[in-house]
Amino acid sequence: MSKEVIKIKNLSKYYGNIMGVKDINLTINQGEIFGFIGPNGAGKSTTIRAMLNFLFPTSGKIEIFGLDSVKDSNLIKEKVGYVPSEVNYYDYMKVRDLFNFNKSLYPNVTQKEIDRLCKLFDLNQNRKINKLSFGNKKKVAIIQALMFNPQLLIFDEPTNGLDPLIQNKLFDELLTRQKQGVTIFLSSHNLREVEKYCDRVGIVRNGKIIDVKKIDQLNNKNIKKVVIKLMKKINLSLEGISDLIYKNKELSFKYKGEISKLLNTLSEVEVLDVNIIPLSLEEDFLDYYGE
Amino acid sequence: MLIKLENRKNLKGALIWGGILSFIIIIYLAFFPSMASSDFSELINSKLGFMPEGLLESFGLNDMPDFGVFLEYFCYVFQFIIIGLVIYGMILGTKSIAKEEGDKSIEYLYSKPIKRSQIVTSKIISSFLMIILVMTMVLISSIISTFFLNETDSIKVIVLVHLFNLIPILAYWMIGFIFSVILRDDSKSIVLALSFFFGTYLIGVISNTVDKLNFLKYFSPINYNPSVNVYKFFENINNVSLNVIGIIICVILIIGGTIFTYLYYNKKDLYC
């Protein structure tokens, strides 16, 4: 049985009368990359902040590495690397100063590792933090979170502001660490990266977790999105079709069933073009948020 | 290491405040020889004679300062320096925690294996050191001035007046910390610090001018023991005594404020 790294039990957080999150239950195992998605204000950041004890739960409990997130917060943070969605450091510092300070907080951080990460992410340590672009500040956040070889990484929108090359390098690094047993909690609006790299995904909406699924479950290969260009409108009748829309001589629908049956049906009508696309996480995700 | 980080943040501001206050006291004290001349002294004394006694009391001038005596002149000038030092201390306290929450850099510290009490301790120690630094700069400037004015006999009292005035400065500084730990960011911290200070200062002035409102003097730590009283107490002049209750209130504010800051901060939610 996999070792549980994060265990959230009935977590609720209220800001006065306003609900931040309610009855969140979540278990994340060692070595998992867990995607955490949901619209703005859904409760993602509140959950992360409660995990790191920025916020005190109104009720419920969070255990990380079997330790209590409130009482043992310091012990937990010795093993957790955190990248916030908005990066704010001390503007008067140079990148090198911040890394030196960060280094002093953990045992066994080597300058060699810092230099390796700076080279990997193409970051100049001699620059002042207030002179850095948004993307470069994000790199600082990523390096400070990785330099001490944490066992759990909590990343909130880590690729926001990074160019595609650096994004790939980041995920290569994360996948390498995953193989070494590191657990990664990834909150993101970039559904493609969640789909590509995560093992499971939790969807949060209105402060509640509405679903937790394995990515291969969510991105159901049996469901396709079909778009057909037609000469004239037709009545398509086949089991497994849903969400049928006809607009501008284009018929689009979702199809769950055997492709051969679909093709047989289509061969009987006059079709200009056909596109059959596997349903992406984005489509699934938007389904969750549909009215 | 955390204190070093704080010191680096605060040092520039401390040097600016220390520099300005030192410059002011040097300039003021440079006027002493001309103020001490008999004609001018007479003029000032006659003008002050027309001012309401209460107003003079509020400045500690009820016994009419004799500008011919260096220490009396120094204490008069030092009233304004103390106002500057209190404002500096109060702003420093009020911004200490709130600024970091406003800048959101606190999110970085919170994600590290650093206890919240360590964060408070580093801020308290660093800002205390900054107040001492600014005070030391002013003290050194005052002492240097005495050499130019051939008033080196006054150095002992000058040091005592500086040290004694640390008490109300630290009381305001700690009230600033209480505000800082309650505030969610620093956008209103300077306005709050200045309003509070000038509010209490005004209360002190009113309490000295209106007899019926004399009890209000306890709401104004800066007015508990004016520098001139401190000087006269240490020099045994006119049997002037110190306001011991005022000193006790300041000490309670400093200790109570420190305890409150730790307790509140350890339970505070971070909104950023």
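Which side chains meet in a salt bridge at 2.9 Å, N to O? Select E173(A) and R177(A), and you have the pair. A word before going further: this is a predicted model.

**Stop 1: the charged cluster in chain A**

Keep that pair on screen and show helix α6 (residues 164-179) of chain A. E173(A) and R177(A) sit four residues apart in this helix, so about one helical turn separates them. Now colour by accessibility: E173(A) is buried at 9%, and R177(A) is buried at 4%.

**Stop 2: across the chains**

Over all chains there are 21 salt bridges. For one that crosses between chains, select R8(B) in helix α1 of chain B and D97(A) in helix α3 (residues 95-104) of chain A. Their closest N and O atoms are 3.2 Å apart. Both ends are partly exposed, R8(B) at 42% and D97(A) at 24%.

**Stop 3**

Now pick E101(B) and K268(B), whose salt bridge has its closest N and O atoms 3.0 Å apart. This pair links distant parts of the chain, 167 residues apart: E101(B) belongs to helix α5, while K268(B) lies in the segment after α11 (244-266). E101(B) is buried at 3%, as is K268(B) at 7%.

**Stop 4: the nonpolar core**

Select F185(A) and L109(B), the residues that touch the most other members of the largest nonpolar core, which has 143 residues. Helix α5 (residues 70-103) of chain B is the biggest contributor to this core, giving 18 residues. Zoom in on F185(A): beyond its sequence neighbours within four places, its contacts include I6(A), L26(A), F34(A), M51(A) and F155(A). Another core, of 10 residues, lies apart from it, with V226(A), I228(A), L236(A) and F253(A) among its members.

**Stop 5**

Finish with I16(B), I20(B), F23(B), I24(B), I27(B), Y28(B), F31(B) and F80(B), which make a nonpolar surface patch of about 740 Å². Helix α1 (residues 2-30) of chain B supplies the largest share, six residues. One of the residues in that helix is I20(B), partly exposed with a relative accessible area of 48%.

Definitions and conventions
Residues are numbered from 1 along each chain as its sequence is written. Chains are lettered from A and ligands numbered from 1 in the order in which they are written. This is a predicted model: local features need pLDDT of at least 70, side-chain atom pairs count only at pLDDT 80 or more; totals for chains, interfaces and linings use all residues. Side-chain values use heavy atoms; hydrogens and water are left out. Patches are made of residues with over 30% relative accessible area and no salt bridge: like charges are joined within 9 Å, nonpolar side chains (Val, Leu, Ile, Met, Phe, Trp, Tyr) within 5 Å. Accessible areas come from the Shrake-Rupley method with a 1.4 Å probe; for residues, only the protein chains shown count as cover. A salt bridge is a side-chain nitrogen of Lys or Arg within 4 Å of a carboxyl oxygen of Asp or Glu. Helices (H or I, at least four residues) and strands (E, at least two) are DSSP runs, numbered from the N terminus. Buried means under 20% relative accessible area, exposed over 50%, partly exposed in between (1.4 Å probe, protein chains only). A nonpolar core is a set of buried Ala, Val, Leu, Ile, Met, Phe, Trp, Tyr and Cys residues joined through side-chain atoms within 4.5 Å. Contact means heavy atoms within 4.5 Å.
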